[in-house]
Amino acid sequence: MDTNKILSADILDIVFEGRNKEYGAYDLRKTYQKRLIIAVISMIAFCILIFISVALAKFVASDKPVQMVVQDVNLADVKQEEKKPEPPPPPPPKVEPPKVEITKFTPPKIVKDEEVKPEEKPPEQDKLDDTKIGTINQEGEKSDVVAPPVEQSTGQVEAPKAQEEDYDKEFKTVQIEAKFPGGQAAWIKYLQRNLNSDTPVENGAPPGNYTVIVSFLVDKNGNISEVQPLNDPGYGTAAEAVRVIKKGPAWSPAVQNGRNVIYRQKQSVTFQVAEG
């Protein structure tokens, strides 16, 4: 290439100067700008075409009436299964307590040797050391309860001791009450004969009845003591009754279980004052 044409020559012509321009590389580079412009324009045209198509489709679709379908939705009546109560757990198996060995041992009876039955013979003392004592024989585990010692029988059965009665005390109730010599009639006659019936009148008592109750003790020998009035209506009546009973003779003592005992007696005495 001439020097004066270099400044105005294309860069491709400078590069491919003296080379095979028919090979294709020169043509590709030479028409690169043209093909790039064609590709860009084609792309822009394609995009515009797509945009217009979408717009027309929406426009056409918007003119058609839209039909809405409303349907009732039936909800299925779903029943929930009722939970059945769980059955209670079975009770635990009953555990029976272990049986304890029991040896029959009943109170001994004194009988003749020939009348003793083999099953009624008392067990030996060694068997009672590690077993329980009962009214039956039972097999089982040995018990750690120490058997009570068995008293050796002497062959004599003692009768139960009767409670001794205290015959020196004052008895409230007796089998035979104390008695005035001659009985009840003699006792009333003694009182009527020895009482001063004018005592209340002499002491100014108005008309009426004046009853005195006198208590006195009759000892084992029939002697009278502790004579005292339980009430006093006044006018000297209580003192007069006590005086007469004190000076009386000895009584027949009360009897309990065939023995003389101390017994407290009571006697009422009534004074009558008539209107003058």
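1. Helices (H or I, at least four residues) and strands (E, at least two) are DSSP runs, numbered from the N terminus. In this predicted model, Thr-237 lies in helix α7, which covers residues 237-246. Ser-215 belongs to strand β4, residues 208-218.

2. Local features of this predicted model need pLDDT of at least 70 and side-chain atom pairs count only at pLDDT 80 or more, whereas totals for chains, interfaces and linings use all residues. Residues are numbered from 1 along each chain as its sequence is written, and side-chain values use heavy atoms, with hydrogens and water left out.

3. The protein has 7 helices and 7 strands. Along the sequence their order is α-α-α-α-β-β-β-α-α-β-β-α-β-β.

4. Of the 276 residues in the protein, 21% are buried (under 20% relative accessible area, with exposed meaning over 50% and partly exposed in between; 1.4 Å probe, protein chains only).

5. Thr-237 counts as buried because its relative accessibility is 0%. Apart from neighbours within four places in sequence, Thr-237 is in contact (heavy atoms within 4.5 Å) with Thr-199, Pro-200, Tyr-210, Val-212, Asp-232 and Phe-271.

6. Ser-215 has a relative accessibility of 3% and is therefore also counted as buried. The side chains of Ser-215 and Arg-264 are joined by a polar contact of 2.9 Å; such a contact is a pair of N or O atoms within 3.5 Å, and within protein one must be able to donate a hydrogen and the other to accept it, while residues adjacent in sequence count only if both atoms are side-chain atoms. Setting aside residues up to four places away in sequence, Ser-215 touches several residues, including Glu-226, Leu-230 and Lys-266.
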